[in-house]
Structure formats: structure tokens, C-alpha cells
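Let's take a walk through this structure together. Keep the sequence and the 3D view open side by side as you read.

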Amino acid sequence: MLSTLSIAPYTVHLLESGRFGLDGGAMFGSVPKALWQRSNPSDEANRIELALRHLLIEGDDRLILIDTGMGGGLSQKQRKMFAIDQPGDPLGSALASAGFSREQVTDVILTHLHFDHAGGATLEEHGEWVPAFPSATYYTQAAQWELANAPSAKDKASFLPHQFLPLQQHGQLEMLAGPEEIIPGMELLVGNGHTDGHQMVKLSGAAPDGSLSTMVFLGDTIPTTTHLRLPFIMGYDLRPLETLQEKQSLLAQAADEGWWLFFDHDPQVPGVRIGPGAKDYEIVERYGAGD
Ligand SMILES: [Zn+2]
């Protein structure tokens with residue numbers, strides 16, 4: 001399948017660092033199982049299969065990684081609970097298969113600091129947790145950093161300090177206060193629905209035919225194609241009604257302007273274009289289809 005996208009002056013590589021499982025009920029919030037079990041079949045523990053997907057954006061002198069997946073730092077108990085079976089260093093292997101090394105990554109954008117997004121941000125070296133990308137600047141929103149360091153009982157289990165504290169200790173963390181253009185053409189769309197200071201990444205540039213092309217990495221605001229339906233909002237979200245508003249405005253614009261939307265967790269479909277449909281929106285094109 002096609003695994004790169006040209007948005008001049010950038011080349012976008014699509015990477016995956018494995019699979020895991022989360023409770024299907026938690027993934028779809030108040031939506032009954034009868035409405036999601038066909039599209040997202042669950043296992044004996046009611047978990048649905050999810051991907052760990054990343055974008056790697058290659059520019060003239062920048063190599064920007066979006067999200068870092070689970071990493072290798074989870075306990076046996078956590079690996080069992082979340083049905084993780086990828087061994088070793090799946091993110092390093094995914095980078096290598098695209099022809100890159102950890103040392104070449106110049107920037108790491110963390111959509112947020114949940115353990116399935118920030119897990120590969122650090123690695124263990126001689127018993128110490130250190131940044132996994134030694135030359136990179138890491139970016140998170142200040143609001144997310146504050147929450148991750150003092151989470152409520154509801155989301156405490158989602159934040160693992162060894163995944164993000166070393167970034168600050170090693171002077172590699174840049175905290176942002178709202179939307180910012182880190183490289184020309186790339187915009188961070190900041191929302192507070194899923195968690196405080198969650199950032200989606202929007203990149204615009206020239207398609208191979210010269211037309212304007214826009215893609216958005218949706219993070220956990222819309223984690224799978226099933227979540228394109230407006231009421232399908234995760235139980236993990238701190239402010240589901242804000243998630244709903246964020247989805248409404250983003251999807252309306254994406255349908256209007258033909259944006260490519262990329263999903264962090266969809267197990268089958270990495271990206272789509274959408275149009276108006278009988279149920280909110282419908283998929284009009286799947287990324288990689290027909291290659
Ligand atoms: Zn999350």
C-alpha cells in the first residue's frame with residue numbers, strides 16, 4: 001500500500017508501531033455496543049483492536065515525528081491488559097523501514113501525553129529514562145503538561161511520568177501556549193475535549209498536480225473511522241461536548257475543502273476524505289485504495 005504522501009515541500013511518511021486493545025465500551029462512550037460491534041468486533045475481554053499510527057514529515061532540513069506510540073516501557077501486567085504483543089522497539093523499526101534513524105528526527109510533536117502517544121518519547125538506558133530522540137525538540141501544550149503532572153483520579157492511569165518528565169529534565173521540551181506554526185504550512189489545532197491542550201496537526205502544501213492539499217492528523221479527537229459519526233465520543237474524554245464541537249467544525253471544513261484525515265488508532269483505514277452523508281458524513285475516498 002502507498003505509504004507516502006507528497007505535500008510540497010514535504011513528504012509525509014505513514015508509520016505504524018503496532019497494535020493494542022482497549023475496552024470497546026470506553027472507546028465509544030455512551031454509544032451502545034449494538035451500534036459499534038460490527039465495525040469494531042471485540043475480543044473475550046471486550047477489547048477492540050487499535051493501531052498505533054504516526055506521521056513522519058520530511059522537509060528540507062527537518063524530520064518531524066507526530067506521536068510516539070506505546071514504547072517499550074510498559075509492565076507485563078499492562079502489556080497483558082492492553083493486548084500488546086509487538087516486541088522490542090517497534091517505533092525504531094518503523095523509522096528504519098522508512099529509511100531513517102532516531103538521531104535524524106529534529107522535532108517530535110506529541111498530540112498529548114497519554115501513554116499510547118508519549119510511550120516512545122523516552123527509552124531506558126542503563127536503568128535511566130532518557131529522550132528516545134537525542135537531537136529532537138519535543139512539543140506539547142503547557143495545559144497538557146500541567147494536567148499530566150497533576151491528573152485527576154479519572155485520568156491518572158493514562159499518564160506515566162517516566163515517559164515525559166525526562167524530556168524536560170534534558171532540556172528538550174518546548175511548551176506551547178495555543179496554536180503555533182512550528183514549520184511553514186504546519187498548524188497545530190488545539191482543543192480541550194479529549195484532554196487539556198490536545199493538538200491535532202494540520203499540514204498544507206502543494207499536491208503533485210500543483211493544487212492545494214491539506215491533511216490533518218486527528219489524534220484522539222477522532223481516533224478511528226467509526227468515530228467520524230458525531231455522537232461517537234470516547235468515554236476517556238474529559239469534555240465530551242467540546243469534543244463534539246471540535247468534530248463538528250473540523251469535519252465540516254474537511255468535507256468542504258477535501259482534506260485528507262488521518263487516524264491514530266483505526267485498525268484498517270489510515271486516512272480518508274469525507275463528504276456529506278446520510279449519517280453525518282460518509283467516506284468518499286480511502287487513503288491508499290487502488291494502489
Ligand atoms: Zn488519549
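Predicted model: local features only at pLDDT ≥ 70, side-chain atom pairs only at ≥ 80, totals over all residues.

Helix α8 covers residues 240–257, 18 residues in total, and spans 26 Å from its first C-alpha to its last, close to the 26 Å expected at 1.5 Å a residue. Look at which of its residues are hidden: T243, E246, K247, L250, L251, A254 and A255 are buried, that is, under 20% relative accessible area. These residues cover an arc of only 145° around the axis, which puts them on the same side of α8. Turn to the other side of α8 and you will find L241, Q245, S249 and D256, which are exposed. What do the buried residues of α8 pack against? Their partners are the strands β10 (186–191), β11 (198–206), β12 (212–217), β13 (260–262), β14 (271–276) and β15 (281–286).

Next, move to an open sheet of seven strands. Its order is β1-β2-β3-β4-β5-β8-β9, and the pairing is mixed. At the edges stand β1 (4–7) and β9 (173–176), each with a single partner strand, so one side of each is left without a neighbour in the sheet. On average, neighbouring strands of this sheet are turned by 25° against each other, direction ignored.

Strands of a sheet pair through backbone hydrogen bonds, either parallel or antiparallel. This sheet lets you see both kinds of pairing. For the antiparallel kind, start with β2 and β3, which pair over eleven bridges; here T11 stands opposite E58 in β3. Is β3 mostly covered or uncovered? It is mostly covered, with ten of its twelve residues buried.

For the parallel kind, find β5 (residues 107–109) and β8 (residues 137–141), which are joined by three bridges. V108 has Y138 in β8 as its bridge partner. Helix α6 (residues 142–149) packs on the sheet, where it touches β8 and β9, and its direction makes about 80° with that of β8.

Helix α4 (residues 90–97) lies across β2 (10–23), β3 (47–58) and β4 (63–66), and runs at about 150° to β2.

How values were computed. Residues numbered from 1 in each chain as written. Heavy atoms only, no water. Helix = DSSP H or I, 4+ residues; strand = E, 2+ residues; numbered from the N terminus. Expected span 1.5 Å × (residues − 1). Buried < 20%, exposed > 50% of the residue type's maximum accessible area, 1.4 Å probe, protein only. Arc of directions from axis to C-beta. Contact = heavy atoms within 4.5 Å. Pairing = 2+ DSSP bridges. Axes fitted to C-alpha atoms, helices over the stretch in contact; angles between N-to-C directions.
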